[in-house]
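Biologist: Please put the model up, and then I will ask about it piece by piece.

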Amino acid sequence: MGSPCQGCGACCAYFRVSFYWAESVPFLDGRVPPEMTEQINPHRLAMKGTLVEPLRCVALDGEIGDCVSCTIYPNRPTPCRELEPWDENGQPDEKCGRARAAHGLPPLEPIEPVLPDAPETEDPRRTGTG
């Protein structure tokens with residue numbers, strides 16, 4: 001199943017994207033392009049376009065609800081990396097749902113959670129038990 005994010009983009013035009021300033025400083029291994037950020041306070045930056053209405057991150061390309069992409073996807077800030085469409089139980093994420101609703105998009109359906117592989121059990125013939 002592909003990510004619903006590529007046909008959505010609602011979170012990029014609903015939330016303030018704020019993060020620690022070092023994420024945008026190259027010599028500190030920051031990867032967010034500094035020219036796409038603005039300062040909130042001495043410790044926090046935000047993606048341009050996410051501080052005042054109408055919100056729309058400067059890195060968002062495309063039409064919300066149709067076909068979108070993040071122009072800095074490999075270098076996106078922590079809040080963008082942490083937001084997922086579903087939680088660990090396969091239920092639609094509450095934040096994602098709010099953003100989708102605000103843009104008139106239908107809620108996501110629950111999915112089956114991806115469970116880690118079951119640990120291998122020892123063969124009783126090899127351990128002398130059983």
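The questions below go from the overall chain to single side chains.

Modeller: This is a predicted model, in which local features need pLDDT of at least 70, side-chain atom pairs count only at pLDDT 80 or more, and totals for chains, interfaces and linings use all residues. Residues are numbered from 1 along each chain as its sequence is written, and side-chain values use heavy atoms, with hydrogens and water left out.

Biologist: In what order do the elements of the chain run from the N terminus on?

Modeller: Helices (H or I, at least four residues) and strands (E, at least two) are DSSP runs, numbered from the N terminus. The chain has three helices and five strands. From the N terminus on, their order is β-β-β-β-β-α-α-α.

Biologist: What share of the residues of the chain counts as buried?

Modeller: Buried means under 20% relative accessible area, exposed over 50%, and partly exposed in between (1.4 Å probe, protein chains only). Among the 130 residues of the chain, the buried share is 28%.

Biologist: Which residues of helix α2 are buried, and how are they placed around the axis?

Modeller: Helix α2 spans residues 94-102, and its buried residues are Cys96, Ala99 and Arg100. Because they cover an arc of only 100° around the axis, they sit on the same side of α2. The arc is that of the directions from the helix axis to the C-beta atoms. Exposed on the other side of α2 are Glu94 and Ala101.

Biologist: Which residue caps the N-terminal end of α2?

Modeller: The contact in question is polar, that is, a pair of N or O atoms within 3.5 Å; within protein, one must be able to donate a hydrogen and the other to accept it, and residues adjacent in sequence count only if both atoms are side-chain atoms. Here the backbone nitrogen of Lys95 has a side-chain oxygen 2.9 Å away, and that oxygen belongs to Asp93.

Biologist: Which side chains meet in a salt bridge?

Modeller: A salt bridge is a side-chain nitrogen of Lys or Arg within 4 Å of a carboxyl oxygen of Asp or Glu, and a search of the whole structure finds one. At 2.5 Å, N to O, the pair is Glu94 and Arg98.

Biologist: How far from Cys80 is the nearest cysteine sulfur?

Modeller: A disulfide is a pair of cysteine sulfur atoms within 2.5 Å, and a search of the whole structure finds zero. Cys80 is in no disulfide, and the nearest cysteine sulfur, that of Cys57, lies at 6.2 Å.

Biologist: Is Thr50 buried or exposed, and which backbone oxygen does its side chain reach?

Modeller: Thr50 is found in the loop between β3 (44-47) and β4 (60-63), and it counts as buried because its relative accessibility is 1%. A polar atom of its side chain lies 3.2 Å from the backbone nitrogen of Val17. The backbone oxygen that the side chain of Thr50 reaches, at 2.7 Å, is that of Met47.

Biologist: Which residues make the nonpolar surface patch?

Modeller: Patches are made of residues with over 30% relative accessible area and no salt bridge; like charges are joined within 9 Å, nonpolar side chains (Val, Leu, Ile, Met, Phe, Trp, Tyr) within 5 Å. Accessible areas come from the Shrake-Rupley method with a 1.4 Å probe, and for residues only the protein chains shown count as cover. Tyr20, in strand β1 (residues 18-20), is partly exposed at 44% relative accessibility. The patch covers about 460 Å² and is made by Tyr20, Trp21, Phe27 and Leu28.
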